[in-house]
Amino acid sequence: MADIIKKGSAHWEGNIKQGKGTLSTESGALNQQPYGFNTRFEGKPGTNPEEILGAAHAACFSMALSLQLGEQNYTADHIDTEAFVTLAKDDQGFVINHIKLQSRVKVPNLDNDTFQKIAEATKQGCPVSRLFNAEIELDAQLV
């Protein structure tokens, strides 16, 4: 299979505190979505890089878990995943140093021990998990 390249883009104007930007995705799912200091640090409407990374990680993990379950002949009724992305400050500036994946999964006829093994392997192998250099915590529950 050939490499797949997807594009995201950002536009920024002004200084860090009063400036503002927009970000877009190639698919158009995000189209000039506003972001800035106020949306990232002050809770104002708009988006920020951390929540976009979180959404990408949650989506990737959910798809990868579906694949891993299927390879063990299981099909999930549903997989609901949230990714909590921590932006912290260290001596070099800001860093994303922790991500908690919280996944609630319903799979008929699957025992918890088998599920935990599959979920942990998925966390390790998920392409977005492999991208991050942060600690990635997993709280996966079979419901």
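**Legends to close-up views of a predicted chain**

**View 1. Overall fold of the chain.** The chain holds 4 helices and 6 strands, where helices (H or I, at least four residues) and strands (E, at least two) are DSSP runs numbered from the N terminus. This is a predicted model in which local features need pLDDT of at least 70 and side-chain atom pairs count only at pLDDT 80 or more, while totals for chains, interfaces and linings use all residues. Residues are numbered from 1 along each chain as its sequence is written, and side-chain values use heavy atoms, with hydrogens and water left out. Read along the sequence, the elements follow the order β-β-β-α-α-β-β-α-α-β, and the C-alpha trace spans about 55 × 35 × 30 Å along its principal axes.

View 2. Of the 143 residues in the chain, 31% are buried, with buried meaning under 20% relative accessible area, exposed over 50% and partly exposed in between (1.4 Å probe, protein chains only). Among contacts (heavy atoms within 4.5 Å) with a separation of 6 or more, 52% come from residues 24 or more positions apart. The chain exposes about 9500 Å², of which carbon and sulfur atoms supply 49%; accessible areas come from the Shrake-Rupley method with a 1.4 Å probe, and for residues only the protein chains shown count as cover.

**View 3. Two loop residues with positive phi.** Gln 32 is not a glycine, yet has a positive phi of about 55°. Gln 32 sits in the loop between strand S2 (20-25) and strand S3 (33-35), and is exposed, with a relative accessible area of 57%. Asn 73, also not a glycine, has a positive phi of about 65°; the place of Asn 73 is in the loop between helix H2 (49-71) and strand S4 (78-90), where its relative accessible area of 73% counts as exposed.

**View 4. The salt bridge between Arg 40 and Glu 50.** A search of the whole structure finds 3 salt bridges, each defined as a side-chain nitrogen of Lys or Arg within 4 Å of a carboxyl oxygen of Asp or Glu. One of them joins the side chains of Arg 40 and Glu 50, at 2.4 Å from N to O. Arg 40 lies in helix H1 (residues 37-41) and Glu 50 in helix H2, so the pair ties together parts that are 10 residues apart in sequence. Arg 40 is partly exposed, with a relative accessible area of 36%, whereas Glu 50 is buried, at 8%.

**View 5. The salt bridge between Asp 139 and Arg 104.** The side chains of Asp 139 and Arg 104 meet in a salt bridge with an N to O distance of 3.0 Å. Because Asp 139 belongs to strand S6 (residues 135-142) and Arg 104 to strand S5 (residues 93-106), this pair ties together parts that are 35 residues apart in sequence. Arg 104 counts as partly exposed, at 22% relative accessibility.

View 6. Glu 120 forms a salt bridge with Lys 123, and the closest N and O atoms of the two are 3.3 Å apart. Both residues lie in helix H3 (residues 112-125), 3 residues apart, about one turn of the helix. Glu 120 is partly exposed, with a relative accessible area of 34%, whereas Lys 123 is buried, with a relative accessible area of 13%.
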